[in-house]
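Thanks for coming. I will go through one structure this morning, starting with its helices and ending with some aromatic rings.

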Amino acid sequence: LDRGPRIRETLQTVKSMVDNGSALLTLGNHEYNAILYTTKNKQKKWLREHSNKNIQQFEATKKSFEKCPEELENYINWFKTIPLFLEFDNFRVIHACWEPKLIDYVKKKLPKNILTDEFILKSSIEGTKEFEVFEILLKGKEIQFPEGLSYTDKDGNVRRRLRFQWWRKLHKETYRSIAVNYEKQVSSELVNPKFLEGHIPYSEKEKPVFFGHYWRKGIPKILSKNACCLDYSVAKGHKLVAYRFDGEKYLSDKKLVSVDAIDDFLL
């Protein structure tokens with residue numbers, strides 16, 4: 001959603017796969033953003049501000065459905081039925097970050113793992129637990145830069161917070177070394193240890209977890225023995241990546257498979 005040249009076709013393909021029982025799906029931050037962007041509260045205000053930045057982000061999706069806006073509305077209603085995570089006997093799937101305390105909160109508030117209107121409304125209010133659920137599970141953990149530090153991301157946005165490698169132990173790190181993706185613009189200054197207090201890495205004793213979100217590049221590889229990102233920027237012309245899982249406790253680079261994006265490639 002919001003990226004790539006064939007958004008409508010991608011949604012048609014994915015929903016067809018899910019409806020036919022040949023795929024399972026988890027909610028992503030762009031689908032969640034679309035829900036908020038197109039939903040108003042009781043005061044008739046959009047749950048996601050229609051700022052220049054947000055309008056621009058949603059423009060590609062809107063354009064894909066300019067001849068059939070009712071179809072987009074149907075997809076957005078469908079997004080509300082997509083689970084926030086998947087958990088099986090020997091592996092887990094989530095869009096950006098597996099945070100046990102927030103997973104437990106979702107299980108308590110959403111026993112069917114499906115969004116409710118109340119949960120969506122609360123999630124649009126900063127400071128609520130529901131807001132935290134989406135900020136972390138669908139976007140990843142972040143650390144605040146000290147005064148004077150920032151970097152410009154791939155979309156030209158100035159970032160004063162950094163998404164960090166939540167799955168591993170962190171000790172005597174620089175901002176660049178803990179960044180999810182290597183960015184030359186990210187400072188090599190040491191991180192004050194107090195900023196990482198309370199961070200609990202994803203234990204190697206936990207079952208493997210698969211996620212996306214982070215727009216990685218290069219040769220696909222696992223991030224740790226039991227953590228694997230499968231997002232390798234296919235919508236930007238890079239790779240569509242999968243992991244062939246056979247129930248193993250520890251993951252292997254050899255099980256990753258990929259295809260390169262081409263101009264007429266249809267997801």
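I call a residue buried when its relative accessible area is under 20%, exposed when that is over 50%, and partly exposed in between, using a 1.4 Å probe and protein chains only. Helices are DSSP runs of H or I with at least four residues, strands are runs of E with at least two, and both are numbered from the N terminus.

What you see is a predicted model, where local features need pLDDT of at least 70, side-chain atom pairs count only at pLDDT 80 or more, and totals for chains, interfaces and linings use all residues. Residues are numbered from 1 along each chain as its sequence is written, and side-chain values use heavy atoms, with hydrogens and water left out.

Start with helix H2, residues 29-37. Nine of its nine residues are buried; among them are Asn29, His30, Glu31 and Tyr32. The buried residues of H2 pack against H3 (52-64), H4, H6 (117-123) and H7 (129-137), where contact means heavy atoms within 4.5 Å.

Next, H4 itself. Helix H4 (residues 69-79) packs against helix H1 (residues 7-19) at about 45 degrees, and their axes are 12 Å apart. The axes are lines fitted to C-alpha atoms, for helices over the stretch in contact, and angles run from 0 to 180 degrees between N-to-C directions. H1 and H4 are therefore oblique to each other; under 35 degrees would be roughly parallel, over 145 roughly antiparallel, and 65 to 115 roughly perpendicular, with the rest oblique. On the H1 side the contact includes Arg8, Leu11 and Val18, and on the H4 side Glu71, Tyr75, Trp78 and Phe79.

Now the aromatic rings. Rings of Phe, Tyr and Trp (its six-membered ring) pair if their centres lie within 6.5 Å; planes under 30 degrees apart are stacked, over 60 edge-to-face, and the rest tilted. That rule gives 20 aromatic pairs. In one of them, Phe91 and Phe210 sit edge-to-face, at 6.1 Å between centres and 75 degrees between planes. Phe91 is in the loop between strand S1 (85-87) and strand S2 (92-94), while Phe210 is in strand S7, 119 residues apart.

What is the relative accessible area of Phe210? The value is 6%, so Phe210 is buried. Phe210 also pairs with Tyr243, tilted, at 5.3 Å and 45 degrees. Tyr243 lies in strand S10 (residues 239-243), so this pair ties together parts 33 residues apart in sequence. Phe88, Phe91, Phe210, Tyr243 and Phe245 form one aromatic cluster.
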